[in-house]
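Subject: The structure I promised you

Hi,

Here is the structure we talked about. Have a look at it first, then read my notes below.

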Amino acid sequence: MFQALQRRSSKLSVLRQARNQQPRITYSSRRQYASSGEGSKGGSGKPSGDFSDQVEANKDNPISRTLKLIGNDVQRMKKFILPSSYTNPGAKGDSPDSANSIENYLERYRRDGFQSHCDVLVIGGGGVGSSIAYWLKKRARQGLNVVVLEKDATYAQASTCLSVGGLRQQFSIVENIQMSLYGADFMRNSRDYLGDDVDLNFTPHGYLLLASEAGAEQLEQNSKLQCALGAKNELLTAKRLKERFPWMNTEGIALGCHGLEKEGWFDPWALLSGFRKRAIEYGAHYVEGEMVGFGFRQQPDILAEGIEEGSYEGIDRAFVKMKDGEMREIKFAIAIIAAGAQSGAIAKMARIGTGKGMLSIPLPVEPRKRYVYVFQCENDQGPGINTPLTIDPSGTYFRRDGLGGNYLGGKSPLPEEEPPVDNLDVDHTFFDKTVWPNLAQMVPAFEAIKVKNAWAGYYEFNTFDENGIVGPHPYYNNLYIATGFSGHGIQQTPAVGRAVSEMIIDGGFRTVDLTRFGFDRIIVDQPMYEANIF
């Protein structure tokens, strides 16, 4: 089941052998703990951010804790049906805040069920993390204990829920095309995967990418590759674009690529909810709490590149700050960083980017704020309801939003225009100065529009090459990464979750081979750039 624990990443992998012979690895009992604010000491001295004392303070004596758990089990059996004192908290002078209130009862029940040990800890319960949990439990069921750690169960600021929910195969990298092709198949058959109670509201109106003379040749090459892999799209000259889409101004446009099948948009919240619901139904445990640090174990018999012999430290536990401020500990066999825009910060807690050797290279994922504007065209004279999601050569995009004559659109800012990420406030001047002029140039009817609503969300931006990072970390043999999709992640969640489950259960990729998307490419400085793709 855990063949992946033996997997090694070629010459960059951890060298799990002794210098002269290969004795069985034994583990030291010495542990250390680290948070995101610490640097690596290379194993010498105790790092800052020690959470062990806080965790120990929350633990009972083992004997008393065992007796308490047995007593709790007995009480739950006796009170499987809530007594009147719980169902009627106002009775006998009880207030809603009293110890007999239903909420207090349920809170104690939830706390008793806290998972302090697991086989797989998924850090991040958004689209990618919940897809991973779904696939692991769908395939393994009772064979794996999976815990998903999510900071905010309301997902109020989750990138998944704030995305536009686009699905397309118009990429230039084979793996991205293959993942989105599978995403289209998954959504077409979503009821088979997620059940009849999940409706993704897929709108199959396609994508339309526009290119100037400078980008026309690349767009044509991309189209040939996409169609060869199973996508279906058509290339349209400026004349044919005007005939097909009379609302468009084709000045400066040389070529367009129009997706005919398997492209459009969907409800990202419905997809996330479906993954989460089915994962829980299959036995995954969701914990609402904030990841604050990893626990380290000295393993002197393991050698690693750039690390002094005998000083290797692995990770085997996570420290979680609960909503009430209590510090808890989760021990794991495997951990997966799938925390979206916060993945780089989580990786730093594992000394990735602050340590020595392979640990000196950070996970290059950080939050980038993006705006989505909802606007209405005067007298509803804009493009019709079957209009594709259209992207001009500058990256400005729009699509219809429902049947009420609304549209939504936006544009990624230039590097020098990147807004601060300390909040999700919307900059309306960015629309007026940058987005609106491009929209009006592309669609003359958009000269007269009114913004009705707007929101902001975070991209999990991969500063290295703006593509996903999927696979094991080359230093830690039990840490996997699935992040950095830079705005394309929601459409790739079905394929990424399946791929991670294959690594853990099968020991390697079995469907879409994502080897090139591994962390190793960052170490050897081999970026994978999309060509002429936004």
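How many helices and strands are there in the protein chain? There are 14 helices and 18 strands, where helices (H or I, at least four residues) and strands (E, at least two) are DSSP runs numbered from the N terminus. Before you dig in: this is a predicted model, local features need pLDDT of at least 70, side-chain atom pairs count only at pLDDT 80 or more, and totals for chains, interfaces and linings use all residues. Residues are numbered from 1 along each chain as its sequence is written, and side-chain values use heavy atoms, with hydrogens and water left out.

**The whole chain**

Of the 534 residues in the protein chain, 51% are buried (buried means under 20% relative accessible area, exposed over 50%, partly exposed in between, with a 1.4 Å probe and protein chains only). The chain exposes about 23800 Å², and carbon and sulfur atoms supply 49% of that (areas come from the Shrake-Rupley method with a 1.4 Å probe; for residues, only the protein chains shown count as cover). Take the contacts (heavy atoms within 4.5 Å) with a separation of 6 or more: 75% of them are between residues 24 or more positions apart.

**The sheet**

Now find the open sheet of 8 strands, with the order E6-E7-E5-E13-E14-E15-E12-E16 and mixed pairing. Two strands pair if DSSP finds at least two bridges between them. Strands E6 (233-237) and E16 (449-462) are at the edges with a single partner strand each, so one side of each has no neighbour in the sheet. From one strand to the next, the twist averages 20°.

E12 (residues 365-377) pairs with E16 in the antiparallel sense over 13 bridges, and Arg368 has Tyr459 in E16 as its bridge partner. E12 also pairs with E15 in the antiparallel sense, over 4 bridges. There, Phe375 stands opposite Tyr407 in E15. Arg400 stands opposite Tyr407 too, and E14 and E15 pair in the antiparallel sense over 5 bridges. Their hairpin has 4 residues between the strands, and Gly402 takes a positive phi near 80° in it. Is E15 mostly covered or mostly uncovered? Mostly covered: 4 of its 5 residues are buried.

**Helices on the sheet**

Helix H8 (residues 213-228) lies across E5 (207-211), E6 and E7 (255-259), and runs at about 25° to E7. Axes here are lines fitted to C-alpha atoms, for helices over the stretch in contact, and angles run from 0 to 180 degrees between N-to-C directions. Helix H12 (residues 428-442) packs on the sheet as well, touching strands that include E5, E12 and E16, and its direction makes about 60° with that of E12.

Where do H5 (residues 127-140) and H13 (residues 489-505) meet? Their axes come within 8 Å and cross at roughly 50°. The two helices are therefore oblique to each other (under 35 degrees counts as roughly parallel, over 145 as roughly antiparallel, 65 to 115 as roughly perpendicular, and the rest as oblique). Among the residues that meet are Trp135 and Leu136 in H5, and Val496 and Ile504 in H13.

**One last residue**

Ala345 is in helix H11 (residues 343-349). With 35% relative accessibility, Ala345 counts as partly exposed. Its C-alpha atom is 8.4 Å from that of Leu363, 18 residues apart along the chain.

Cheers
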